[in-house]
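Subject: Handover of a structure model

Dear colleague,

Please find below the sequence and structure that I am handing over to you. My findings follow directly after it.

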Amino acid sequence: MVEHRPLRDLVAYAVLSLGVIIFAFPVYVAVIASTYDAATVVSGNLPLTPGSRMLENYYRAVFVGGSRFMNQPVGVLLANSFITAIGIAVGKILISILSAFAIVYFRFPFRRTAFWIIFVTLMLPVEVRIYPTYKIVADLHMLDTYAGLILPLIASATGTLLFRQFFMTVPDELLEASRIDGAGPLRFFWDTLLPLSMTTVAALFVIQFIYGWNQYLWPLLITTKDSMQTIVIGIKKMLSTTDELAEWQLAMATAVLAMLPPVAVVVFMQRLFVKGLVETEK
């Protein structure tokens, strides 16, 4: 039986409300700033009510562009980031789940050694391997391509570790039952393991999609064309320091638009996550 204490509940809701305000207020300011002109944004007297240039600013950002350093519309940058993030997330999940399946359910020499080699790569910072990775991508003529943006980032030791730990909790009786039914390894994987892994897949997809969406250093290195750059690079170029006034209204509109796809993915995957939990309990 749950004991209800009004005072404790009031304090808890007050703390939660304060946290929401602290995190949501900067987003609200960005939305408001995207509805004014640049002079109003930098004047220091930005109102907290929407302005009259919302449609103009968002239309210009999405379809026209306007920065002196980024002549591509934000729609192109959003598409590049979305393709890159989807490719990275799907690639990481496919490689991780298959490698974990092989490590847990197949017996071959140096199986544990292979896993620990994969695990040790977690301790290698990106800066250590970024030059040889760039050299390989350049030699394969994959600069300014989606393959160059995606393929070097699809290996995931974290995903392999998560799926391995989950597969080790699956009862051996399920494997034996599949063998009795005449199912091979791939049939067991597709019909049994994959449905049970949907909650892990949903959680990992959210993490890896946001990881791919927020990539800055790697796309900055391998893209030289504005048409292949991502939304994070676009925001940075919009705020490049010069003698002229930065177009803050476009930067704020772009930042607001850049938040929408990750939020949509989190909401969609949360529903899939809950659905997977319900099916698992059944």
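How much space lies in the largest pocket? The model is a predicted one, and in it the largest pocket holds about 530 Å³ of space. Its lining is made up of 22 residues, and those closest to the centre of the pocket are Lys 92, Arg 129, Ala 155, Ser 156 and Ala 157. Two or more lining residues come from each of the helices α4 (74-105), α6 (126-139), α8 (157-167) and α11 (198-213). By residue class, the lining of the largest pocket comprises 14 nonpolar, six polar and two charged residues.

The second largest pocket has a volume of about 290 Å³. Its lining consists of 14 residues, with Val 104, Tyr 105, Arg 107, Arg 111 and Met 168 nearest the centre. Here α4, α5 (111-120), α8 and α9 (172-180) each contribute at least two lining residues. The lining of the second largest pocket divides into eight nonpolar and six charged residues, with no polar ones.

Because Phe 82 belongs to helix α4 and Phe 209 to helix α11, the pair ties together parts that are 127 residues apart in sequence. Phe 82 is partly exposed, at 40% relative accessibility, whereas Phe 209 is buried, at 0%.

The rings of Trp 116 and Phe 119 are also edge-to-face, because their planes are at 85° with the centres 5.3 Å apart. Trp 116 and Phe 119 both lie in helix α5, and their spacing of three residues means that about one helical turn separates them. Trp 116 is partly exposed, with a relative accessible area of 48%, and Phe 119 is likewise partly exposed, at 27%.

Ring pairs also join Phe 101, Tyr 105, Phe 106, Phe 163, Phe 166, Phe 167, Phe 188 and Phe 189 into a cluster.

Regarding annotation, the unreviewed UniProt entry places the feature "transmembrane region" at residues 12-36, 82-106, 113-134, 146-167, 188-211 and 248-269. For residues 113-134, the end C-alpha atoms lie 28 Å apart, and the span is 77% helix and 0% strand. For residues 146-167, the corresponding distance between end C-alpha atoms is 32 Å, with 73% helix and 0% strand.

Finally, the backbone of one loop deserves a remark. Which residue there has a positive phi of about 60° although it is not a glycine? His 141 has such a phi value, and His 141 is found in the loop between α6 and α7 (146-150). Asp 144, also not a glycine, has a positive phi near 60° and is found in the loop between α6 and α7. His 141 is exposed, with a relative accessible area of 70%, while Asp 144 counts as buried, at 15%.

Yours sincerely

How values were computed: Residues are numbered from 1 along each chain as its sequence is written. This is a predicted model: local features need pLDDT of at least 70, side-chain atom pairs count only at pLDDT 80 or more; totals for chains, interfaces and linings use all residues. Side-chain values use heavy atoms; hydrogens and water are left out. On a 1 Å grid over the protein atoms alone, a cavity is a set of points where a 1.4 Å probe fits but cannot get out, and a pocket is an open set with protein on both sides within 12 Å along at least five of seven lines; lining residues have an atom within 4 Å of a point. Grid points are joined across faces, edges and corners, and a volume is the space filled by probe spheres set on the points. Helices (H or I, at least four residues) and strands (E, at least two) are DSSP runs, numbered from the N terminus. Ala, Val, Leu, Ile, Met, Phe, Trp, Tyr, Cys and Pro count as nonpolar, Asp, Glu, Lys and Arg as charged, and the others, Gly among them, as polar. Buried means under 20% relative accessible area, exposed over 50%, partly exposed in between (1.4 Å probe, protein chains only). Rings of Phe, Tyr and Trp (its six-membered ring) pair if their centres lie within 6.5 Å; planes under 30 degrees apart count as stacked, over 60 as edge-to-face and the rest as tilted. UniProt positions are given in the numbering used here, feature names are shortened, and annotations may be inferred rather than shown by experiment.
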